[in-house]
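Trainee: I would like to learn how to read some features of a protein model. Could we take them one at a time?

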Amino acid sequence: QVRKPAIKTSTLTKIAILGVLSFVIMAIEFPLPIFAAFLKMDFSDVPALLAGFAMGPWAGIMVEVVKNFLHLFRSQTAFIGEAANLVTGILLVVPAALIYSRGKSRKNAVIGLIAGTLIMAAGMSFVNYYVLVPLYQKFLHIPATAIIAAGSKVNPYIVDLKTLVVYSILPFNIVKGILVTLVTVLIYKKLSPVLHR
C-alpha cells in the first residue's frame, strides 16, 4: 500500500507562492506620520493570514518563515529585523487562525483577527522593550537615545523607552493589525475557492 504524503504537494505549493507574495508585498512599506519613522506599515501578513485561515495555523507560520527567509538576503539589520517580523507575524496569525479553525464563520474570523491584533500588539511591546532595543544597541550600535529621539520627533510625550513603547510601538501595532484585518476580511471569501483547491 502506497502511503499518502503527510502534506500534499499542492498545499506546499500554495504556501510557497503565498510566502513569495508576502516577501514581495513586504518591500512596499511606508511610515505612518503619527508614529516613529522606523515603524513601517506593510501588508505582508495578509498572505500568511489567508494561508492560516485556509490551511491552518501551521501554514500561516510557514508563509511567515518563507517571507523572512527570503528577506534575510537583503537584511540591513543583522537579521534582527527579520526575527522581529517573524515573531510579529506569528503572534498575529496563530491566534487568528486557531479561533477561525474552531468554526469557519465571518464572526470567528473577525474575533480571531481582533485577538491576534491585541496579542501581537501586547507581545511586541514586551519584545521591543526587553529584546529588540537591547539587540539593536549591542549588534548595530544604535543607542537607545537615538531610537527614543526618533519617536519624540512626532510625539513630545515620548521621553524614554517606556513611553516609546506606550505611545508609539503599542498603538502602531494596533493600527497595523486593524488595517491588515480589514484587507484580510475583504478578500478572504473571494480567494477562498482558490486557496481550497
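Trainee: Is histidine 141 buried or exposed?

Mentor: This is a predicted model, in which local features need pLDDT of at least 70, side-chain atom pairs count only at pLDDT 80 or more, and totals for chains, interfaces and linings use all residues. Residues are numbered from 1 along each chain as its sequence is written, and side-chain values use heavy atoms, with hydrogens and water left out. Buried means under 20% relative accessible area, exposed over 50%, and partly exposed in between (1.4 Å probe, protein chains only). Histidine 141 has a relative accessible area of 64%, so it is exposed.

Trainee: What is the phi of histidine 141?

Mentor: Most residues other than glycine have a negative phi. Histidine 141 is not a glycine, yet its phi is positive, about 55°. It sits in the loop between H5 and H6; helices (H or I, at least four residues) and strands (E, at least two) are DSSP runs, numbered from the N terminus. Alanine 78 also has a positive phi, near 55°, and belongs to the loop between helix H3 (57-71) and H4. With a relative accessible area of 45%, alanine 78 is partly exposed.

Trainee: How many aromatic pairs are there?

Mentor: A pair of aromatic rings is described by the distance of the centres and the angle of the planes. Rings of Phe, Tyr and Trp (its six-membered ring) pair if their centres lie within 6.5 Å; planes under 30 degrees apart count as stacked, over 60 as edge-to-face and the rest as tilted. The search of the whole structure finds eight aromatic pairs. In one of them, phenylalanine 53 and tyrosine 188 have ring centres 5.5 Å apart and planes at 85°, so this pair is edge-to-face. Phenylalanine 53 is in helix H2 (residues 45-55) and tyrosine 188 in helix H7 (residues 161-195), so the pair ties together parts 135 residues apart in sequence. Phenylalanine 53 is buried at 2%, and tyrosine 188 is buried at 5% relative accessibility.

Trainee: Which residues form an aromatic cluster?

Mentor: Phe53, Tyr100 and Tyr188 form one.

Trainee: How do the axes of helix H4 and helix H5 cross?

Mentor: Axes are lines fitted to C-alpha atoms, for helices over the stretch in contact, and angles run from 0 to 180 degrees between N-to-C directions. Angles under 35 degrees count as roughly parallel, over 145 as roughly antiparallel, 65 to 115 as roughly perpendicular and the rest as oblique. The axes of helix H4 (residues 80-101) and helix H5 (residues 106-139) come within 7 Å and cross at roughly 160°. H4 and H5 are therefore roughly antiparallel.
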